Amino acid sequence: MRKRDIVFILFFICVFLFILLPHASEWPDGLERVAQDKGFLHKTENAGFSLGSGLFGTLLLFLLGVGMGLLLKNKRP
Amino acid sequence: MHIPDGFLSASVVLSTCAVSFGVLGFCLKKAATRLKDRMVPLMGVMSAFIFAAQMLNFPVVSGTSGHLIGAVLAAVLLGPFGAVLVVSVVLIAQCLIFQDGGVTALGANILNMAVLGCLSGYFVYKAALWRKTHGCILFGVALASWISVEASALAASLELAFSGIVPLGMVLPAMIGIHALIGIGEAILTCLVISFILKVRPDLMYSDS
């Protein structure tokens, strides 16, 4: 994977988030819904991501992932 | 399917943590022996992609949504051990930085989505791969994606039931039922990404050799 490809993919993910995040479903997910229906949902806060945290997280996770890859590379026997 | 704080009993918290972090240590060792140089940037890209994709909830039935877990997507590209690590990093960051998923439930969430999701998914994918045609690969990916979501839902149900928060007979059918639908979404999204990769960069697919 060339540097140009990586920058392109990250940019693509960010654009995707920018477009799709406002349209992401606000409904509870499968587990939350079951917890609601079966009456064990004690007031859990829904995280509610903002676009800012999404973009920040995407770049952060890229760095963490590469960092882990480099760590593994150093540990390679 | 991120379990929040307050759902799990102390014994379930401790036992899931012990299993998860034990498996993570094993995966770190195994992944290091199988790592190829080209996988280093791919681990970063996959972490970023799965994090972003997990934010995008799609509606499944009225009043319920689901999101991609990405376990099979990661496993098909990074192998089972690298995938467990990547999905775990995403879950750890979500939990500690973005308050998605409980801190006490982190072990359980890693066990359900990363460990069981990736390993069960990769096993099914390999078992379904009797020919290396694109159609066969995509069938394996779809089946593996659906089963990985159901495996995670099954494990989450067991953890909730063992915690004494809800009887198993009540939570299991509900979780398996709703995640059968969410699993279809997972299968479709994973197939879309993999079919794109098969077209443009088939060399990125993981192989044991």
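Which side chain does a polar contact of 3.4 Å join to that of His2(B)? I looked it up: the partner is Gln54(B). I count a polar contact as a pair of N or O atoms within 3.5 Å; within protein, one must be able to donate a hydrogen and the other to accept it, and residues adjacent in sequence count only if both atoms are side-chain atoms.

**Ground rules.** I am working on a predicted model, where local features need pLDDT of at least 70, side-chain atom pairs count only at pLDDT 80 or more, and totals for chains, interfaces and linings use all residues. Residues are numbered from 1 along each chain as its sequence is written, chains are lettered from A and ligands numbered from 1 in written order, and side-chain values use heavy atoms, without hydrogens and water.

**Confidence.** I noted ipTM 0.89 and pTM 0.94 for the model. Chain B averages a pLDDT (predictor's confidence in each residue, 0 to 100) of 95, and 100% of its residues score at least 70.

**His2(B).** I found it in the segment before α1 (10–34) of chain B. His2(B) counts as buried because its relative accessibility is 10% (buried is under 20%, exposed over 50%, partly exposed in between; 1.4 Å probe, protein chains only). A polar contact of 2.8 Å joins its side chain to that of Gln94(B). Leaving out residues up to four places away in sequence, I listed its contacts (heavy atoms within 4.5 Å); among them are Asp29(A) and Leu31(A), and also His67(B) and Met113(B).

**Gln99(B).** I then turned to the loop between α3 (71–96) and α4 (106–128) of chain B, where Gln99(B) sits. Helices are DSSP runs (H or I, at least four residues), numbered from the N terminus. Gln99(B) is not a glycine, yet has a positive phi of about 50 degrees. Its relative accessibility is 59%, so Gln99(B) counts as exposed.

Note on methods. Helix = DSSP H or I, 4+ residues; strand = E, 2+ residues; numbered from the N terminus.
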